[in-house]
Amino acid sequence: MKRAAQITVFVPGPLRECCAGAAELSLTAANVRAALAELERTRPALHRSVCDETGAVRRHINLFVNEQHMRDCNGLDTPLSSGDTVVILPAVSGG
Amino acid sequence: MANRIILTIGTKKGLFVAESSSARERFQLRGPFGSGVSVYSALVDSRGTPRIYASSCNPFFGMKVLRSTDLGRTFKQTKAAPAFPKDDGRALANIWSLVPGDGKKELWCGVEPAALFHSSDGGDSWELVPGISNHEHARKWHPGNGGLCMHTIVRDGQRMHLGISTGGHYLSEDGGQTFAASNKGVGAGFVPDPYPEFGQCVHKIARHKDAPGRLYMQNHGGWSEWSGPGGPRPGIGVLRSDDHGKSWHSIAKGLPSDFGFPIVVHPHDPDVVYVAPLEPMTRTCPGGAPAIWRSENGGNSWRKLTKGLPKKESFFTILRDGMDVDELKSPALYFGTTTGQLWIGRDGGEQWDCLFDSLPPIHCVKVAAV
């Protein structure tokens, strides 16, 4: 089992009010799923804006590990290494 | 004594607030509030210190509830929005209805997928109301064109009436603990059985506080020419109940169409009711000529109100929460359109004027005197 790594979560502008204005959060997690679980524990308002009640990442939210979309890796089970950045970005859509 | 009129206008691009003196001559517009995303429900809660609540349907970051304590000059998110329990399997898709409870900070909230939530702290925390949200019918309801939404909450002491599209009318007589489908006489045109136990596409329900037992319903009409199984279903779109919603009968005779979305009752006369008939196929103004229709005898006959409205080439829709009436001595009606116009009908709808003509598409209009 992979050991938890020290990673950074990048928070987009519209969600920074959920974490006292912080653009980046440091946390420890072995994969994306664990990172989201840690956000749920420590930053519930931010987590609620990224995931719905079922735990699914919201439809119009994209999560990248560094520059790779998590869906192109191993989804929520994408492993994280020390120094990685998990980037939360709203999808490009509109109307 | 109320001396201000506060009008909330929920649109595709956020919430606007318009304010006027009680003369209602000029309205000042503020907004948009709420990140420029859709607002489907609002509440001007005039109990005690006035508060304005609005839903904010953020397609990116989920549902939020906005609250203002300064008559809509500023809004902040409440500490939490309604949310299903983690193991429920459902996820909140929209907030369709916000109504006050008995306590000053008590709120009820109808959501999509159809479920009911309750808050006792002004929207900072919410709990699922299981009597309807986990009703044995709940997993059998189907979404209508607007989604599977609980859009109407009408309270009458221990009675609570819910309108669900498409679930029908549900009635609680124990303050919201338990609910039963109560759709006798409420037709459906999209299923073989014209009068099913539940599953109707109710669009809106309204009542007058001084008329015990009287309810009006705008149901999904437009089925008079249906020729399939079960035969035509004329007049099922506009209904009335005189027994607390236990049974319903048509009051659509005399209207150009029994299809529409909102239904509104005069604040001082329970026999006066307003509807906005639409052409059922396009869901726009019949013949391109908008009109609000008023009955002064509980729906036995209807009169068209058009003075000041366009005479032609207007093909907008007024959505289910897009019309409201204030409570001044000579009340004014207000309706918002999917083309972004906000109209006022002074003197109970006798004279119409366009207050704002270029707002984003309007989902809901709520008014209160404060």
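## Chain B as a whole

Helices and strands are here runs assigned by DSSP, a helix having at least four residues and a strand at least two. Counted in this way, chain B of this predicted model has two helices and 28 strands.

The C-alpha trace of chain B spans about 55 × 55 × 40 Å along its principal axes. For a compact globule with 370 residues the radius of gyration would be near 21 Å, and the 19 Å of chain B agrees with this. Of the 370 residues of chain B, 52% count as buried. Among the contacts in chain B between residues at least 6 apart in sequence, 49% join residues at least 24 apart.

## The five-stranded sheet of chain A

In chain A, five strands form an open sheet with mixed pairing, and their order is β2-β1-β5-β3-β4. The edges are held by β2 (24-29) and β4 (68-69) of chain A, and because each has a single partner strand, one side of each is left without a neighbour in the sheet. Helix α1 of chain A, residues 32-42, packs on this sheet, where it touches β1, β2, β3 (61-65) and β5 of chain A, and the direction of the helix makes about 120° with that of β2(A).

Within the sheet, strand β1 (residues 5-10) and strand β5 (residues 85-90) of chain A pair in the parallel sense, over three bridges.

## A four-stranded sheet of chain B

Chain B contains an open sheet of four strands, which has the order β8-β9-β10-β11 and antiparallel pairing. Here β8 (94-100) and β11 (127-128) of chain B stand at the edges, and each has a single partner strand, so that one side of each is left without a neighbour in the sheet.

The antiparallel strands β8(B) and β9 (residues 107-112) of chain B are joined by six bridges, and opposite Pro100(B) stands Leu107(B) in β9(B). The loop that lies between β9 and β10 (115-119) of chain B holds Pro113(B), and the peptide bond leading from Glu112(B) to Pro113(B) is cis, with omega near 0°.

## Backbone details in the loops of chain B

Another cis peptide bond runs from Ser165(B) to Thr166(B), with omega near -5°. Thr166(B) is found in the loop that lies between β13 (159-165) and β14 (168-172) of chain B.

Arg24(B), although it is not a glycine, has a positive phi of about 60°, and its place is in the loop between β2 (14-21) and β3 (28-33) of chain B. Glu313(B), also not a glycine, likewise has a positive phi of about 60°, and this residue lies in the loop between β23 (303-305) and β24 (323-325) of chain B. As for their surroundings, Arg24(B) counts as buried because it has 21 C-beta neighbours inside 10 Å, whereas Glu313(B) has 9 such neighbours inside 10 Å and therefore counts as exposed.

## Where the two chains meet

The contact between the chains takes eleven residues from chain A and twelve residues from chain B. On the side of chain B that touches chain A, the residues divide into seven nonpolar, three polar and two charged.

Terms used
Residues are numbered from 1 along each chain as its sequence is written. Chains are lettered from A and ligands numbered from 1 in the order in which they are written. This is a predicted model: local features need pLDDT of at least 70, side-chain atom pairs count only at pLDDT 80 or more; totals for chains, interfaces and linings use all residues. Two strands pair if DSSP finds at least two bridges between them. Two residues are in contact if their C-beta atoms, placed from the backbone, lie within 7 Å. Axes are lines fitted to C-alpha atoms, for helices over the stretch in contact, and angles run from 0 to 180 degrees between N-to-C directions. A residue is buried if 20 or more other C-beta atoms lie within 10 Å of its own, exposed if 12 or fewer, and partly exposed in between; C-beta atoms are placed from the backbone. Ala, Val, Leu, Ile, Met, Phe, Trp, Tyr, Cys and Pro count as nonpolar, Asp, Glu, Lys and Arg as charged, and the others, Gly among them, as polar. The radius of gyration is taken over C-alpha atoms; the globule rule is 2.2 Å times the number of residues to the power 0.38.
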